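Let's take a walk through this structure, going from one residue up to the whole assembly. Have the viewer open and follow along.

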Protein chains: 2
Amino acid sequence: MSLTTFENICQLLQSKKFNHIKEILSNMNEVDIAELIDLATPEQAIIIFRLLPKESAAETFSYMDSETCKRLIAVFTDRELRAVMSELFVDDVASLLEEMPANMVRRMLSAVSPEDRKDINLILKYPEDSAGSVLTTEFVRLKRDMTVAEAFEHIRKFGPNKETIYTCYVTDNRRRLEGVITVKQLLLARYEDIIGDIMETNVISAVTTDDREEVANTFAKYDLIALPVVDQENRLVGIITVDDVVDIIKEETTEDIEKMAAILPGDKPYLKTGVFETAKNRIPWLVLLMFLATITGMIISSFENALAGSIVLTAFIPMIMNTGGNSGSQSSVAIIRSLALGDISFSDIGRIMFKELRVSFICGLVLAVANFIKIILFDNLILKSGISLTVSAVVCLTLALTVIIAKLVGSSLPLIAKKLRLDPAVMASPFITTIVDAISLIIYFKIATVLLRI
Amino acid sequence: MSLTTFENICQLLQSKKFNHIKEILSNMNEVDIAELIDLATPEQAIIIFRLLPKESAAETFSYMDSETCKRLIAVFTDRELRAVMSELFVDDVASLLEEMPANMVRRMLSAVSPEDRKDINLILKYPEDSAGSVLTTEFVRLKRDMTVAEAFEHIRKFGPNKETIYTCYVTDNRRRLEGVITVKQLLLARYEDIIGDIMETNVISAVTTDDREEVANTFAKYDLIALPVVDQENRLVGIITVDDVVDIIKEETTEDIEKMAAILPGDKPYLKTGVFETAKNRIPWLVLLMFLATITGMIISSFENALAGSIVLTAFIPMIMNTGGNSGSQSSVAIIRSLALGDISFSDIGRIMFKELRVSFICGLVLAVANFIKIILFDNLILKSGISLTVSAVVCLTLALTVIIAKLVGSSLPLIAKKLRLDPAVMASPFITTIVDAISLIIYFKIATVLLRI
């Protein structure tokens, strides 16, 4: 939706050309109409919403910001609320309810049918981030003794209210999942074929308590467009559709990226998060890491004599600390991402550490040599810093050791965090940097004390 | 697929119980069989592949590692190659060809039908990361004057070889896209309805040259399962399906995360990348950033006198540098992620900078106060460091200014990179850290020189 459309609609609203607005809206996608209503003032929003054709009102509603939804519900008549609520998919209602105040939840729940209310309560009951919390109960259920013709009849009758009709689920009398069949298979079969004979019985499914990130990885691995979710007794509870999975992948990754950058994850887009909320999400880690950096300061203070004796050593501190931090964060981020994608698990720790050890030897060696050449050619020849060979040796040796230790710390901590059921993403750059800083300074000063005899 | 299945198959291979293997394979998902063949030795791989039922051979092939594909093609008879190639979807063939040596490409292309070859060459011609490079030409094309009954007949006839049949595309005689209709709509319509009357004419589409990340954002925004791709003249070239989009989202995000951690993006999972390749992807940025850190060292050297006069100033350098780096990376990562998700664009720069300015004031103030209290209570009272009020003031003032500048640099650089058509992800933590380090040290020493009169 372009901003010109928005301005256009605003003008038409002012001149009360409602029929013209109706016409524009009927040619727009519901996602774009929702964006338009999000931008509008509360007064404009309800007018635009009331001008929508009935069949797109609920869909538009499902794409709006929760804030806009709240404002609209507050001014809805009971009849309008019922009309919207009965058309929404139960999983959309459930996720909307989670962001509403208690009095609104009550009013909204009283506007849905008793069966829907049962399903919504079921979804709300599952733990956050579980497969159960993102499932929908609106799917097509078939029986194994139906013919293809009967299946089509069933789909035509019950399909319109289902979130997807393209994969149908076959269950027994106790609602246990027996097989799946796609509309493609149905279309290519003969009308008299029996569902039980042509359905796929080797079904990929999730359990309600599975982590939703795992579910997303299953979708990616098997190229699914829907996944059945069963309870502990293999009874089919609902399905998860691929459009929700795309959102899950984006949300989970944003959360991981924020954690890796020492930000507490928020749930709103950047420009929609207030200044105070943004500051509140950023301050805790900054303060904690600032306090942790005291340790580095204490290490420097305790080697005061070494530093006073040879001030040139101080000039290399930022370079050593940065290189250590960067090396560690390369490894930790690579491991955190691979864990999130399900490419590796804690049991691979042996192979990973061995690989990181070899990689860090190569990196450490290359960096030490590059730095040695740089000191000789740039610092001494061009800047005439007169850095002695011994000091160069101290710096390069420290560099190589720092890179090796940084990579081992950076790759092991996320794995250990995963094993301890903590979030590996927290073990990223900022945290690793602080640890590696301390270690590298100790190495630096120890080597300096020995080689420079100070 | 569990490792026990793999060991089981290996044993059966040794005892030549091929019928038993066949039975196991016929009950397995093609993705899992592909994983099994990836794990097997070259000799085992070809035997297992030949035991596969015909209808799952090509699908299994499309899920295998490109290395495994290469090995299998090398030992395929011409007939086997033709059988697999003719069953594969053209987009899968195209992406496979991109990783094959020239002589294999020739042999593979000669095994596909002339029409498919034309389509494959078309896909290969589009620039990497464009919508064109990930499209498939295997979709269902309908005409506007068909009835629903005719459409179903058409789908039954041509559907089996199409990647999706659930969204059908209506084009005119010059192949220009006129509308779309879903199988759901077809199923719920009457057999005598005319496609042109019931199709959706307000079609969301992409152009072949669009960036694939943009395409992924469109899928997420509109909850699509397929998206038509047109050329500059609005002629329908192909479609992109949601399963490919899930992969694109994962790949693009991994690439972004790697760049943010100063790693050159690789294209293989962690454990499948060799030690030398991993080292090669990590060394360039490490060396560059190490050299850039020389600037920080030079700044320290140039304030040698200030430091010699008051060694306590040195102890605070790591804390100030870390806090600056963390503050800057928080902002840059938040901006980079929002840019990738399409939540913000360069035109928002004014609003973003104003927001970051206010956020950074709050963060800077809180950190400065927290640090002041820490110096008084911890450093002086407990550690008895005897840090003077003036030094505390220098440190806290520097801290506040560093946080503000770090956040402004961190948020503006990715936006500027985007504007200059560079990759914003490169402007993440490590790069920002190096810049902020230099700026914060200059601030620190300037303030120290003035307040401490050194």
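Two residues count as in contact if their C-beta atoms, placed from the backbone, lie within 7 Å. Before using that, some housekeeping: this is a predicted model, where local features need pLDDT of at least 70, side-chain atom pairs count only at pLDDT 80 or more, and totals for chains, interfaces and linings use all residues. Residues are numbered from 1 along each chain as its sequence is written, while chains are lettered from A and ligands numbered from 1 in the order in which they are written.

Start at B:Asn217. Leaving aside neighbours within four places in sequence, B:Asn217 touches B:Leu341 and B:Gly342. This Asn sits in helix H14 (residues 212–222) of chain B; helices here are DSSP runs of H or I with at least four residues, strands are runs of E with at least two, and both are numbered from the N terminus.

Now for a sheet in chain B. It is open, with three strands in the order E1-E2-E3 and mixed pairing; strands pair if DSSP finds at least two bridges between them. Here are its strands:

| Strand (chain B) | Residues |
|---|---|
| E1 | 139–142 |
| E2 | 164–171 |
| E3 | 177–182 |

E1 and E3 of chain B each have a single partner strand, so one side of each is left without a neighbour in the sheet. E1(B) and E2(B) run parallel, joined by three bridges, and B:Phe139 stands opposite B:Thr164 in E2(B). Helix H11 (residues 148–158) of chain B packs on the sheet, touching E1 and E2 of chain B, and its direction makes about 150° with that of E1(B). For that angle, axes are lines fitted to C-alpha atoms, for helices over the stretch in contact, and angles run from 0 to 180 degrees between N-to-C directions.

Finally, the two chains together.
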